[in-house]
Amino acid sequence: MHDRDFHAWTLQQSALLREGRLSEADVEHIAEKLESMGTSEQRELINRLAVLMAHLLKWQFQSELRSNRWRNTINVQRFDVKELLEENPNLINNLNERMVKAYLTSSSLAVKETSLNRQMFPPHCPFSAEQLLSEDYWLENAVSDCWGCCHGFYGTLYRAVRQTVPLGHVRYQDQGSVGVLFLDWMD
């Protein structure tokens, strides 16, 4: 019945479990479905984190295109991630590993949606879990030592130069209220 009519199977198995008739229950398939449900929650978390990070990257690297739509997507994803974590506190375990997986997807999404070169984006996740989930965290206020995370005039200059100068020959360093752009020219 599991393969022919899943809905009917779930109703039957639920009734058997409630009645305590475990010997008649399809324990193997029930266990598989429970594991699948747990995996599904983890995938949902990673997908929501990826969308959130992609929009934060777009927010940072295409500041001239910022919109209420992007802001709303960021806020909705933050809310949904928090809710998912509240409903499934075990997902908080290994959250950093899940963020690493999500960042791989998010940077690919950001490349596709912005048409910017992949090298424009930080190679590793530039966000902490706290930053991702904070309603007060917006990248225009961020200070980071990551070469891709820049702001203000020097950040704009950096991004413009990065489009024409090979990776490794330009870097941006935030030093408090002053940004420093380093160019290493080859002979």
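Two residues are in contact when heavy atoms of theirs lie within 4.5 Å. In that sense Lys-58 touches Ser-63, Trp-70, Glu-113 and Thr-114, with residues up to four places away in sequence not counted. The model is predicted. The protein chain contains six helices and two strands, and along the sequence these follow the pattern α-α-α-α-α-α-β-β.

**Overall make-up**

- Of the 187 residues in the protein chain, 36% are buried.
- Among contacts in the protein chain with a separation of 6 or more, 56% are between residues 24 or more positions apart.

**Packing of H2 against H3**

- Helix H2 covers residues 27-61 and helix H3 covers residues 68-87; the two pack at an angle of about 150°, and their axes are 9 Å apart.
- Because an angle over 145 degrees counts as roughly antiparallel, H2 and H3 are described as roughly antiparallel to each other.
- The crossing of H2 and H3 is left-handed.
- On the H2 side the contact is made by Glu-41, Glu-44, Leu-45, Arg-48, Leu-49, Val-51, Leu-52, His-55, Leu-56, Lys-58 and Trp-59.
- On the H3 side the contact is made by Trp-70, Arg-71, Thr-73, Ile-74, Gln-77, Arg-78, Asp-80, Val-81, Leu-84 and Leu-85.
- By residue type, the contact of H2 with H3 comprises 11 nonpolar, three polar and seven charged residues.

- H2 and H4 pack at an angle of about 50°, with 7 Å between their axes.
- This angle makes H2 oblique to H4.
- The crossing of H2 and H4 is right-handed, and the residues of this contact divide into 13 nonpolar, five polar and four charged.
- Helix H1, residues 6-18, crosses H2 at roughly 105°, and the axes of the two helices come within 11 Å.
- Angles of 65 to 115 degrees count as roughly perpendicular, and H1 and H2 are therefore roughly perpendicular to each other.
- Phe-6, Trp-9, Gln-13 and Leu-17 of H1 meet His-29, Ile-30 and Lys-33 of H2.
- The contact of H1 with H2 consists of four nonpolar residues, two polar residues and one charged residue.

**Lys-58, a residue of H2**

- Lys-58 lies in helix H2 and is one of the residues through which H2 makes contact with H3.
- Lys-58 has a relative accessible area of 7%; since buried means under 20%, Lys-58 counts as buried.
- Trp-70 is 12 residues away from Lys-58 along the chain, and the C-alpha atoms of the two are separated by 8.5 Å.

**An aromatic pair**

- The structure holds three aromatic pairs.
- One of them joins Phe-61 and Phe-121 in an edge-to-face arrangement, with 5.0 Å from centre to centre and 70° between the planes.
- This pair links distant parts of the chain, with Phe-61 in helix H2 and Phe-121 in the loop between H4 and H5, 60 residues apart.
- Phe-61 and Phe-121 are both buried.

- Glu-135 is placed in the loop between H5 and helix H6, the latter spanning 152-162.
- With 56% relative accessibility, Glu-135 counts as exposed.
- Apart from neighbours within four places in sequence, Glu-135 is in contact with Arg-78 and Lys-82.
- Glu-135 and Arg-78 stand 57 residues apart in sequence, and their C-alpha atoms are 7.6 Å apart in space.
- Arg-78 is also among the H3 residues that make the contact with H2.

- Asn-94 is not a glycine, yet it has a positive phi of about 60°.
- Asn-94 is found in the loop between H3 and helix H4, which spans 95-114.
- At a relative accessibility of 46%, Asn-94 counts as partly exposed.
- Ser-115 likewise is not a glycine and has a positive phi of about 65°.
- The loop between H4 and helix H5 (129-133) is the place of Ser-115.
- Ser-115 is exposed, and its relative accessible area is 67%.

Conventions:
Residues numbered from 1 in each chain as written. Predicted model: local features only at pLDDT ≥ 70, side-chain atom pairs only at ≥ 80, totals over all residues. Heavy atoms only, no water. Axes fitted to C-alpha atoms, helices over the stretch in contact; angles between N-to-C directions. Helix = DSSP H or I, 4+ residues; strand = E, 2+ residues; numbered from the N terminus. Parallel < 35°, antiparallel > 145°, perpendicular 65-115°, else oblique. Left-handed = near helix turned anticlockwise from the far one by under 90°. Nonpolar A, V, L, I, M, F, W, Y, C, P; charged D, E, K, R; others polar. Buried < 20%, exposed > 50% of the residue type's maximum accessible area, 1.4 Å probe, protein only. Phe/Tyr/Trp six-rings, centres within 6.5 Å; stacked < 30°, edge-to-face > 60°.
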